[in-house]
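Please take a moment to look over the sequence and the model, and then follow the paragraphs below from one part of the fold to the next.

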Amino acid sequence: MKTMNRRSAIALGVTAAAVAPLFTLAASAKAKEYGPTEGKEIAPGVRVVEVGTGNSDIPAYKSISIVDVVFQPGAHAPAMMMDNDMVCTITAGAFTIKKADKEFKLEEGGIYTCTKGKTDEATNTSKVVGIHRIAVLIPA
C-alpha cells in the first residue's frame with residue numbers, strides 16, 4: 001500500500017467536499033415528482049429540469065450546475081456529445097448507459113461520469129419514471 005502524500009490528501013479532501021453536497025441533493029430528488037411537462041424536452045419522454053447552480057471550490061471549475069434528467073419508462077436519450085465534464089447519479093429507476101467504448105447497467109444509487117467531448121446515451125430500462133441527477137462542472 002502506498003503512503004498518502006500531502007498533495008494526495010488535499011486532492012482527496014477537496015473531492016470529498018465537492019461531492020458531499022451531491023449526495024444531499026440526490027437524497028432530496030427521491031421526494032420530488034416531476035409533472036409530464038416540467039423542464040425542457042430533449043428527446044421523446046426525456047426532459048431536463050434545472051435544479052440549481054453554485055460556485056465551485058475546485059480550481060478547474062468556476063461553478064457547478066445541477067440538473068435532473070427525467071426519463072419516462074422505456075425512454076431513450078440518443079448519443080449526445082458532452083459539452084462539459086459531469087458526475088451523474090441515478091436517483092430513480094434503472095438504466096443502460098452506452099459510451100463509445102463500453103455499455104453498462106446502473107440502478108438507483110449508481111454513479112458514473114461523462115467526459116467533455118465524448119458521447120453518452122441512456123435508456124430507462126425500468127417500469128418507473130427514472131431520474132439522472134447530474135452535476136455539470138463548468139470550467140473556470
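Arg133 and Asp68 meet in a salt bridge, with their closest N and O atoms 2.6 Å apart; a salt bridge here is a side-chain nitrogen of Lys or Arg within 4 Å of a carboxyl oxygen of Asp or Glu. The pair links distant parts of the chain, since Arg133 belongs to strand S10 and Asp68 to strand S3, 65 residues apart. Helices (H or I, at least four residues) and strands (E, at least two) are DSSP runs, numbered from the N terminus. Both Arg133 and Asp68 are buried, where buried means under 20% relative accessible area, exposed means over 50%, and partly exposed lies in between (1.4 Å probe, protein chains only). Side chains of opposite charge can pair when their charged atoms come close.

Before going further, note that this is a predicted model, in which local features need pLDDT of at least 70 and side-chain atom pairs count only at pLDDT 80 or more, while totals for chains, interfaces and linings use all residues. Residues are numbered from 1 along each chain as its sequence is written, and side-chain values use heavy atoms, with hydrogens and water left out.

How many salt bridges does a search of the whole structure find? The search finds 2, and one of them joins the side chains of Asp120 and Lys99, at 2.9 Å from N to O. This pair, too, links distant parts of the chain, with Asp120 in strand S9 and Lys99 in strand S6, 21 residues apart. Asp120 is buried, with a relative accessible area of 7%, and Lys99 also counts as buried, at 15% relative accessibility.

The strands named so far can now be placed in their sheets. Strands of a sheet pair through backbone hydrogen bonds, either parallel or antiparallel, and two strands are taken to pair if DSSP finds at least two bridges between them.

Strand S2 (residues 46-55) pairs with S3 in the antiparallel sense over 9 bridges, and the two form a hairpin with 5 residues between them; Gly52 has Ile66 in S3 as its bridge partner. S3 is also joined to S10 by 10 bridges, and these two strands run antiparallel, with Gly130 in S10 as the bridge partner of Phe71. Because 10 of the 11 residues of S3 are buried, this strand is largely enclosed by the rest of the structure. S10 in turn pairs with S5 in the antiparallel sense over 7 bridges, and Ala92 stands opposite Ile131 in S10.

Another open sheet has 4 strands, ordered S4-S9-S6-S7, again with antiparallel pairing. Its edges are strand S4 (76-81) and strand S7 (103-107), each with a single partner strand, so one side of each is left without a neighbour in the sheet. S4 and strand S9 (residues 119-124) pair in the antiparallel sense over 4 bridges, and Ala77 stands opposite Ala122 in S9. In strand S7 lies Glu107, which counts as exposed at 60% relative accessibility.

What about the interior? In soluble globular proteins, nonpolar side chains tend to be buried together. A nonpolar core is a set of buried Ala, Val, Leu, Ile, Met, Phe, Trp, Tyr and Cys residues joined through side-chain atoms within 4.5 Å. Of the 19 residues in the largest such core, Val46, Phe71, Met86, Tyr112 and Ile134 touch the most other members.

Finally, a search of the whole structure finds 0 disulfides, a disulfide being a pair of cysteine sulfur atoms within 2.5 Å. For Cys88, the nearest cysteine sulfur, that of Cys114, is 3.7 Å away, which is too far for a bond. Cys88 is buried, with a relative accessible area of 1%, and Cys114 counts as buried at 5% relative accessibility.
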